[in-house]
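I opened this notebook to record what I looked up in the structure shown below. The entries follow the order of my reading.

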Amino acid sequence: ELEALPTPGQQGYTSARIGLKYLYGAVRLTGQAMKLGQTKPQAFASILDEEMSGLKDDLKKDQNRQVYGDGSGAIATARAIYGPGLVIPVAWAGWAQLGMQVDIIQGSTLGNPTPTVIASNRQVTAISMAAGANTVTIDGANVSVAVGDIIVRTGNVNREWAGLAAIIKDSGTFQNIDSAVEPLWKSVVDSNGGTNRPISEGLLLLQHDLVRTNGGQVTVMLTNLGVRRAYFNLLSQQRRFTNTTEFEGGFKALAFTTDQGDVPFVVDPDCPPNRVYGLNEKAITLYREADWAFMDEDGSRWARVA
């Protein structure tokens, strides 16, 4: 009793700086379609409904892609020196879409205020996702690329969300905070030097333990279709029953069992291949100024294109 207590500590804080990113989608209808709507309203309504439904699907797909990106806008990255030509070899073509308008950016200049543009406003005309031979074909004049050059949506370089590829890192600066100065800003990353390994429960449990040792907790795991299949095959070989987790709306996911309870193992086709993200959902926040809305400041949702 009456002994002096140790000098108390306090929680540590540092300032993050998060830049706003603005996302847009556009629909354009022809004068002929609008004229047809004056005599056959159902025809115009069908055209408008199809375009708006397609736009919403495209925006959801593109926004979900950005969730996994690093903010550079990279849709695909050149995996080999190539050119001149139009069939670009890439590490993975899963984010490319037919008809997409793209730029090709010199990867070594991404850190510059104005990255070097190798080609601009090209259209994706073909995509191949053959095993070990992913390619993206563009139109226009032949181009030459080096390893690390990236394909982005036209005008999007360094203008997209800072997604999981930027958040889940164990080095560098993110949101104005240097992880070398603030070690707790680092994520637990086990990339095995870029060499793929067979998935195992022991390997996944090790990552959970490392996160737990750092004072965190994994509440959800995200992966792609291929890794999900490998994990499912692993469980089906070792167990008679495979646990699942059910979410609101009836969606189900495989469960990874730990001594702290089951963790949902969620599959997402847009997640890059050969990786699993383990996230603490309470530690991730999406700051949003406004939700998607029509630009109707001038009193109309439509504007004439000259």
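**Entry 1: F232**

I located F232 in helix α5 (residues 225-238); helices here are DSSP runs of H or I with at least four residues, numbered from the N terminus. The model is predicted, so I note that local features need pLDDT of at least 70 and side-chain atom pairs pLDDT 80 or more, while totals for chains, interfaces and linings use all residues. Residues are numbered from 1 along each chain as its sequence is written, and side-chain values use heavy atoms, without hydrogens and water.

I found F232 partly exposed, at 38% relative accessible area (buried is under 20%, exposed over 50%, partly exposed in between, with a 1.4 Å probe and protein chains only). I also compared F232 with V181: they are 51 residues apart in sequence, and their C-alpha atoms are 40 Å apart in space.

**Entry 2: helix α4**

I checked the length of α4 (residues 201-213): its 13 residues should span 18 Å at 1.5 Å a residue, and its end C-alpha atoms are 18 Å apart, which agrees. The expected span is 1.5 Å times one less than the number of residues.

Which residues of α4 are buried? I listed L204, Q207 and H208. They cover an arc of only 100 degrees around the axis, which puts them on the same side of α4; the arc is taken from the directions from the helix axis to the C-beta atoms. After α4 comes G215, with a positive phi near 90 degrees.

**Entry 3: Y24**

I placed Y24 in the segment before α1 (31-39). Y24 counts as exposed, at 58% relative accessibility.

Note on methods
Helices (H or I, at least four residues) and strands (E, at least two) are DSSP runs, numbered from the N terminus.
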